[in-house]
Amino acid sequence: MTAPETPDPAVAAAEAELARLTAEAEAAEAQLKAAQAKAALATAQAEAAKAKAAKAPDAAPEEVAPEEVAPSEVVPADTSADTTGKDHPAPSTTHGGPLTEADIEKITSGYRFEGATLDLGALVNGDAVPAAQVRIPLGMMNRHGLVAGATGTGKTRTLQGLAEQLAAKGVPVFAADIKGDLSGVATPGESSEKLLARTQAIGQDWKPEASVTDYFALGGIGKGVPVRATVSGFGPLLLSKVLGLNETQESSLGLVFHYADQQGLALVDLSDLRAVLTYLTGDEGKAELKALGGLSAATAGVILRELITFADEGADVFFGEPEFEVTDFLRVAPDGRGVISLLEVPGVVDKPALFSTFLMYLLAELFELLPEVGDLDKPKLVFFFDEAHLLFKDASKDFESAIVQTVRLIRSKGVGVFFVTQTPKDVPSDVLAQLGSRVQHALRAFTPDDAKALRATVGTYPKSGYDLERTLQELGTGEAIVTVMSEKGAPTPVAWTRLRAPQGLMSPTPDPAIDATVKASPLLAKYGTAIDRESAREILTAKMKAADDAAAAEEAALAKARADAEFAKQQAAIDKAQAAADKKAQQEYERLLKKTQGTTRTTRSTQKSPIEQILNSKSTQTILGGVIRGIFGTGRR
């Protein structure tokens with residue numbers, strides 16, 4: 001029989017602490033419900049007293065016992081809903097209501113516009129007030145805006161609803177589909193009792209409807225029409241942001257681009273840029289690298305290594321040709337509705353810097369290509385910049401300045417930009433200053449940093465009857481604090497708004513439907529197939545090959561010259577040896593000749609030479625006699 005297992009003291013302590021916290025939470029919830037009940041009772045009593053006073057104006061109003069009025073202190077001091085430490089205002093102005101009739105009328109009149117509008121939703125005053133509709137003037141959509149809020153508060157649905165209404169009014173829309181569920185805009189929505197109850201309560205005449213949609217994919221990673229950019233078009237500033245270069249390396253990369261432009265080296269993809277850097281850091285380009293002031297071999301090597309790593313991660317597929325023409329986002333369907341262009345990015349979520357910077361590239365291209373048009377009745381395009389915080393993270397000053405300039409000036413090109421992010425602090429203040437409309441969903445304050453960000457957000461709103469620091473934490477899903485730019489260019493009153501529901505599907509469109517849409521797109525034939533033309537890589541490869549061939553030919557010539565010299569040297573040695581041998585033989589001959597000079601004259605005179613001995617021989621005499629007789633015919637005699 002085994003002994004019972006001894007419980008871990010740490011686990012027991014944790015369980016006890018969890019039980020204590022659970023009990024405290026339940027107690028706080030009960031206390032909050034009691035406070036809400038008291039507040040409701042006080043409101044009812046106040047309404048009854050008001051009605052009674054209206055019936056008998058001359059009578060003194062009935063006093064309400066102090067203990068029956070819901071005091072502001074009924075909310076516990078330790079609840080997460082209160083992070084200010086300030087005294088709470090009276091119930092008539094506490095965190096959203098109930099607003100007075102005058103407050104409601106002020107908000108209602110503040111959102112009455114003469115021109116075309118986009119409907120955001122209805123004012124919330126405890127319950128929705130259908131008569132108090134909150135809108136954005138269509139002509140003010142090119143004054144930019146912000147859609148912010150914590151995860152799960154309804155930002156994507158707000159974006160979808162705005163895109164649907166813009167497209168219905170003939171305005172093209174571009175948006176990045178981060179999670180993939182924005183694709184439902186192309187499919188009619190599905191009705192339900194809960195949905196209809198919500199839409200009827202805010203005065204929305206909801207019906208399912210699909211929008212004309214095209215799907216795109218960065219570099220062809222995904223189902224959509226490929227969207228590519230050349231490295232030259234992307235430019236050194238945006239590429240430096242993607243590569244994470246510091247300011248010195250960023251300026252050095254700019255010199256590389258300048259060199260390539262001067263030499264006529266087209267930078268189409270990353271391999272072209274790597275080829276230029278390899279050339280400049282190699283033996284062939286040392287002189288040209290030296291001529292580029294401010295570019296050291298060490299810095300060029302760092303950039304080259306970053307490029308290699310970047311390409312190895314698969315990012316090189318985003319660069320190439322055919323380069324996408326951003327004006328293709330400004331398309332209108334034959335029936336006059338604007339086309340919603342969705343950039344599919346689930347395949348590149350692990351490259352957030354590339355994704356956000358690529359969006360900035362598209363925006364910068366629009367700024368460069370579109371003509372000045374001034375203020376229009378409706379924008380030429382509305383660009384939703386999702387996950388905007390990724391764009392500004394670790395951005396250099398030059399990069400931020402470029403963004404601020406683009407956002408400031410692109411309005412006159414007829415393009416509106418809406419940044420979608422979690423908190424306004426994710427966007428630099430210089431960019432926030434350019435935004436005319438704000439749809440702020442709920443924020444959370446779980447940490448001191450969150451509380452600080454919440455207070456900073458509240459400080460950017462116009463004065464209102466709300467305790468925004470509390471209201472922003474109490475907003476329900478699909479609710480937001482709204483203020484927009486009126487037709488006169490002034491901010492509208494701050495309004496707690498229950499937003500309209502999208503008419504498209506609030507979940508992803510099925511894959512077969514997306515595939516069919518992509519195949520039917522007229523842009524697929526234009527951008528579907530990648531092109532690899534002659535560019536910097538091929539030019540430098542040919543140049544280095546020619547240099548290698550010339551070097552090889554020179555080396556061969558040198559080798560031949562060396563071989564000829566060696567042969568001549570050897571021949572001279574042979575000739576010298578032969579001359580020495582001849583000389584030695586001559587000397588030996590002369591020595592022998594000199595040696596024979598001592599013999600007697602008689603001996604020399606009687607001694608016959610070999611020729612004389614042959615001629616005087618009997619055989620020779622016989623032969624010669626026969627020859628002579630044959631010649632002269634005396635043979636018979």
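This tour moves from the central sheet to one of its strands, then to a helix and the aromatic rings.

The model is predicted: local features require pLDDT of at least 70, side-chain atom pairs count only at pLDDT 80 or more, and totals for chains, interfaces and linings use all residues. Residues are numbered from 1 along each chain as its sequence is written, and side-chain values rest on heavy atoms, with hydrogens and water left out.

**The sheet**

Begin by selecting the open sheet of 12 strands, whose order is S2-S1-S12-S11-S10-S3-S9-S8-S4-S7-S5-S6, with mixed pairing. Strands (E, at least two residues) and helices (H or I, at least four) are DSSP runs numbered from the N terminus, and two strands pair if DSSP finds at least two bridges between them. At the edges, strand S2 (127–137) and strand S6 (225–227) each pair on one side only. Neighbouring strands are turned by 30 degrees against each other on average, direction ignored.

Next, select helix H10 (residues 352–369), which lies across strand S4 (173–177), strand S5 (213–218), S6, S7, strand S8 (381–386) and S9, and runs at about 160 degrees to S8. Helix H16 (residues 511–520) also packs on the sheet, touching S5 and S6, and its direction makes about 90 degrees with that of S5. Contact here means heavy atoms within 4.5 Å; axes are lines fitted to C-alpha atoms, for helices over the stretch in contact, and angles run from 0 to 180 degrees between N-to-C directions.

**Strands S3 and S10**

Move to strand S3 (residues 145–148), which four bridges join in parallel to strand S9 (residues 415–421); Gly145 stands opposite Phe418 in S9. Four bridges also join S3 to S10, again in parallel, and Val147 has Val439 as its bridge partner in S10. S10 is joined by three bridges to strand S11 (residues 479–483), and these two run antiparallel; in S11, Val482 is the bridge partner of Val439.

Show the side chains of S10: Ser437 and Val439 on one side, and Arg438 and Gln440 on the other, are all buried. Buried means under 20% relative accessible area, exposed over 50% and partly exposed in between, with a 1.4 Å probe and protein chains only. The charged end of Arg438 sits over the ring of Tyr461, 4.1 Å from its centre. For such a placement, NZ of Lys or CZ of Arg must be within 6 Å of the ring centre and within 35 degrees of the ring normal.

**Helix H14**

Select helix H14 (residues 448–458), whose buried residues are Ala451, Ala453, Leu454 and Thr457. Seen down the helix axis, they fall within an arc of 160 degrees, so they line one face of H14. The arc is that of the directions from the axis to the C-beta atoms. Their cover includes strand S10 (437–440) and helix H15 (468–474), whereas the face turned away carries the exposed residues Pro448, Asp449 and Lys452.

**Aromatic rings**

Finally, display the rings, among which there are 15 aromatic pairs. Rings of Phe, Tyr and Trp (its six-membered ring) pair if their centres lie within 6.5 Å; planes under 30 degrees apart count as stacked, over 60 as edge-to-face and the rest as tilted. Phe234 and Phe319 have ring centres 5.2 Å apart and planes at 90 degrees, so the pair is edge-to-face. Phe234 is in helix H5 (residues 231–243) and Phe319 in the loop between helix H9 (297–312) and strand S7 (340–344), 85 residues apart.
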